[in-house]
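Here are a few notes to read alongside the model, for anyone opening it for the first time. Take them in order and keep the viewer at hand.

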Amino acid sequence: MSRPDRGPSILRFAAPQNFYPLAGRLAPWFAGAAALLTLAGLWLSFFVAPTDATQGEVYRVIFIHVPAAWMSMFVYLVMAFWSAVGLVMNTRLSFLMSQALAPTGAMFCVVALWTGALWGKPTWGTYWVWDARLTSQALLLFLYLGFIALTRAIEDPRRADRAGAIIALVGAVNVPVIYFSVKWWNTLHQGASVSLTKAPSMATTMLAGMLVMAVAAWAYTLAVVLWRVRSMILERERHTEWVGAELMREALRQGGRA
Amino acid sequence: MLSAFFAVLRRDLLLAWRGRADVLVTLAFFVIVVCLFPFGVGAEANLLRTIAPGVLWVAALLACLLSLHRLFAQDHADGTLEQLLLSSEPAVLWVTAKVLAFWLTTGLPVVVVAPVLGMLLDLEQGAYPALVISLVLGTPILALLGAVGAALTLGLRGGGMLLALLVLPLFVPVLIFGAGAVEAELSGTGATAHLLLLGGGLAGALALAPWACVAALRVSTE
């Protein structure tokens, strides 16, 4: 056990009091990057990318939809990763990371489902079909909600951390099972009514718009999660000296500016 | 080592026998939920026959879900659980014994009653073996997965709803293959593929879920 503020190792940032200022310094940069990339991505998607030959203008919702769907799945993986790290290494910060990620992942799930419904109405004629992808996305949302509800329902933070980590890992093990069972169920029942996989080859500008938006979603997630982790650290460590000193410094800075 | 397994199994079965009203309540719930469907969707025999596999499976799943809180709650309240966790016996063993006892007292009665309810819904004759086998293979998976959720929500306010939110998404594959087995039998493709997948799921759950359950119990009781 080394003292948290000693040693050049990157692992010293596993200590909340070292990570707190680092997160504070990094978050605005990611937020700025997210804002710039979103502007660039939206400009590409609305003004540069050509109108789709078969779907018309409606297809443009994919510039939000696809990055959101990617992020919603990726965030769950990252969450499970931090949960595993927390359980193995017994680091408080890892649990905080996974809990800070959950609301953003759930939000991207909702955005993906919502934009998918808005796209589905004009294209398929219905807001919802029991397609394998839609159904597993909805189940992923339930997994997020279960994780959030469990960690919020437990008052003892230590227990909340570990219980959340266990359910995140159980969920991660089950995600492939759920995905393939839903896929099989769907193909058995109604045949391939709609397939997103055999999309016509995309124009380069379309792809570029989508990728820029995806990177923007990454930057946004990083910024929001770092900020959320910061406030969670303050809440958890509010009885420690360093938080008292930190808040005092913050108050002085605010006072000096006013 | 196995003596601990059988001791816990015997104890839980004896406790269930002493409080057998609980088991009957679970069964009554199962029967009533199935009987609600004709009132909801209409008593037309063709329609009931079509939805019978799904209805029976969803009702069995809900009956299992609603009795899950009983799995550890009593032992948690009177301190038995802590003593068991402190004992030198491997925790995975007695957790498996508890889950097995739970399945014998809730899953098995449901399996026995399901064919009778199948008659109420006019399920075709040929589908009964598939129904029973799929329930025999599927309900233990529900019990094993549910045990993890029950261990995590031990002693929490509003634990019941939380437990449902936690485990229902995990139950979906079991429901798909369980009801799918019966439907495949009805449509003539044969239930073998579904039943094999359920069996594989049971083997996987049996290998992994008790460990997760023990970890969850340790988290919840420390």
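Predicted model: local features only at pLDDT ≥ 70, side-chain atom pairs only at ≥ 80, totals over all residues.

1. H4(A) packs against helix H8 of chain B, residues 159–187, at an angle of about 150 degrees, and their axes are 9 Å apart. Angles over 145 degrees count as roughly antiparallel, so H4(A) and H8(B) are roughly antiparallel to each other. Their crossing is left-handed.

2. Which residues meet where H4(A) faces H8(B)? From H4(A) come Leu139(A), Phe142(A), Leu143(A), Leu145(A), Gly146(A), Ala149(A), Leu150(A) and Ala153(A). On the H8(B) side you will find Leu162(B), Leu165(B), Leu166(B), Pro169(B) and Val172(B). Sorted by class, this contact has 12 nonpolar residues, 1 polar and no charged ones.

3. Now step back to the whole contact between the chains. Here 22 residues of chain A are in contact with 20 residues of chain B. On the chain A side, the elements giving two or more residues are helix H4 (132–153) and helix H5 (157–190). H5(A) gives the most, with 13 residues. By class, the chain A side divides into 17 nonpolar, 3 polar and 2 charged residues.

4. The nonpolar core deserves a look too. The largest one has 139 residues, and those with the most contacts inside it are Ala60(B) and Ala216(B). Leaving aside residues up to four places away in sequence, Ala216(B) touches Ala163(A) and Ile166(A) in the other chain, together with Val148(B), Ala151(B) and Leu152(B).

5. Ala60(B) turns up again among the neighbours of Ala114(B), a residue of helix H6 (residues 91–120) of chain B. Is Ala114(B) buried or exposed? A residue counts as buried if 20 or more other C-beta atoms lie within 10 Å of its own; Ala114(B) has 23 within that distance, so it is buried. Again not counting residues up to four places away in sequence, Ala114(B) touches Leu56(B), Ala60(B), Leu131(B), Val132(B) and Leu135(B). For a sense of distance, the C-alpha atoms of Ala114(B) and Ala7(B) are separated by 30 Å, and these two residues are 107 residues apart along the chain.

6. Finally, an overview of chain A. Its secondary structure comes to 7 helices and 0 strands. Of the 258 residues in chain A, 36% are buried. Among its contacts between residues at least 6 apart in sequence, 78% join residues at least 24 apart.

Technical notes
Residues numbered from 1 in each chain as written. Chains lettered and ligands numbered in written order. Contact = placed C-beta atoms within 7 Å. Helix = DSSP H or I, 4+ residues; strand = E, 2+ residues; numbered from the N terminus. Nonpolar A, V, L, I, M, F, W, Y, C, P; charged D, E, K, R; others polar. Axes fitted to C-alpha atoms, helices over the stretch in contact; angles between N-to-C directions. Parallel < 35°, antiparallel > 145°, perpendicular 65-115°, else oblique. Left-handed = near helix turned anticlockwise from the far one by under 90°. Core = buried A, V, L, I, M, F, W, Y, C linked by C-beta atoms within 7 Å. Buried ≥ 20, exposed ≤ 12 C-beta atoms within 10 Å, placed from the backbone.
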